[in-house]
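Please look over the sequence and the model, then read the notes below.

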Amino acid sequence: MRVLRLSARDFRCYREARLDLGDRLTVLTGPNGAGKTNLIEALYFGCTGRSCRTVNEREVVRFGQQATRVTVTASDLDGLHELSVGFAPGQPKRMRVDGADVERLLDVERRPLVSVFLPERLELVKGAPAVRRAHLDQFVAARWPARAATRRSYAQALAQRNALLARVRSGGSGRGSLATWDLALARVAIDLMADRRAAVSELTEPFSRWCGLLGLDREPRIAYRPRSHAASPDELAAELAERLDSDLERGFTGHGPHRDELTLTREGRDLRAYGSQGQQRLALLSLLLAERDVLAARRSGPPLLLLDDVMSELDARRRAALVANLRSRPGQAVITTTDPEHVPFVGEHDIVQVAVADGSVLAGAAA
Ligand SMILES: Nc1ncnc2c1ncn2[C@@H]1O[C@H](COP(=O)(O)OP(=O)(O)OP(=O)(O)O)[C@@H](O)[C@H]1O
Ligand SMILES: [Mg+2]
């Protein structure tokens, strides 16, 4: 699915904003504070119904206003589609696809997929394992929409087991009551681990390839490190039973896929601990680009890639490699920069350049 246009009203610093995207690369340029990141956020908001910057969504409504509205126009083989998100703090969000109300945009099969790089997303490389697990599960959901429910079922089953642990601790239930739960939990856990393993195995080759293309050397690898190596629900249930005493002591379940790790390494060393800022950035970019390659085969096509402020910490050679590769592959990308000089080839006809200043989108002419 191709994103043609963004329209936003009273979103962040914009009273009205309209942005036409190019087929491949669109470059947003403007000084600090001009409103570039706000446009990236508006695109994400319009495609997903969520902010990629904040959990406190009232921040996105323009100062002094009651509500915001973002509309995204996209096209696929069936024609044009319109997604819109209306939001007034304190009220339920109104999301529509082609005029019909929807509960959650993320559950809509026909929507443009979107993948975002923000400087704060380096947390994905630097932060706690939970951030990477959540990201991996989101990729699983984008890759195989029908499997999105597995993660939710696991979270529910785990919460129930933890509640039951608390009851056994307080004497309200006997230890035996856990056995049936353990097997139910183990069944979903095995499915979840299989999904994660399959996802990472698809990402392995493109991740290494993108690292090579972007100049991240010394054998960069992505790997799935499950906490349990059980091959069947029965084996996992047995592992849980073995650990019941320590679980009861701690009051929560200490074993299972909620403790899995997704590692990003160079020469076997964790980038999380040993990577430089630039290397962590390249690893994150390579991961997002690898995911995009894998998803490109899907009906919805490669996700729209939003790259906020990605150029500032890359050297000239790596900038050129990134832009050359984005230009040569199908799929749309938006890059923000304070300095157009940082985007190699920016004057070429296939790159749409848009100037942003003081909360206005000034020009968006495709050559
Ligand atoms: N809810 C809001 N209403 C009005 N203005 C806002 C709101 N939220 C943020 N702003 C303003 O939007 C302006 C632009 O922010 P934005 O982050 O998009 O800039 P930018 O072009 O990405 O800058 P930089 O190059 O420094 O990253 C800031 O001056 C900020 O104060
Ligand atoms: Mg910015």
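The notes that follow cover the surroundings of the ligand and the packing of some helices.

This is a predicted model, in which local features need pLDDT of at least 70 and side-chain atom pairs count only at pLDDT 80 or more, while totals for chains, interfaces and linings use all residues. Residues are numbered from 1 along each chain as its sequence is written, chains are lettered from A and ligands numbered from 1 in the order in which they are written, and side-chain values use heavy atoms, without hydrogens and water.

**Ligand 1**

- Ligand 1 is surrounded by 16 residues (each with a heavy atom within 4 Å of it), and the closest are G33, G35, K36, T37 and V61.
- This shell divides into 5 nonpolar, 6 polar and 5 charged residues, where Ala, Val, Leu, Ile, Met, Phe, Trp, Tyr, Cys and Pro count as nonpolar, Asp, Glu, Lys and Arg as charged, and the others, Gly among them, as polar.
- A backbone N or O atom of R12 lies 3.0 Å from a nitrogen atom of ligand 1, and a backbone N or O atom of F63 also lies 3.0 Å from a nitrogen atom of the ligand.
- Of the 650 Å² of accessible area that ligand 1 has on its own, the protein covers 73% (Shrake-Rupley method, 1.4 Å probe).

**Helix packing**

- Helix α5 (residues 178-214) packs against helix α6 (residues 233-242) at an angle of about 120°, with their axes 8 Å apart.
- α5 is therefore oblique to α6 (angles under 35 degrees count as roughly parallel, over 145 as roughly antiparallel, 65 to 115 as roughly perpendicular and the rest as oblique).

Definitions and conventions:
A polar contact is a pair of N or O atoms within 3.5 Å; within protein, one must be able to donate a hydrogen and the other to accept it, and residues adjacent in sequence count only if both atoms are side-chain atoms. Axes are lines fitted to C-alpha atoms, for helices over the stretch in contact, and angles run from 0 to 180 degrees between N-to-C directions. Helices (H or I, at least four residues) and strands (E, at least two) are DSSP runs, numbered from the N terminus.
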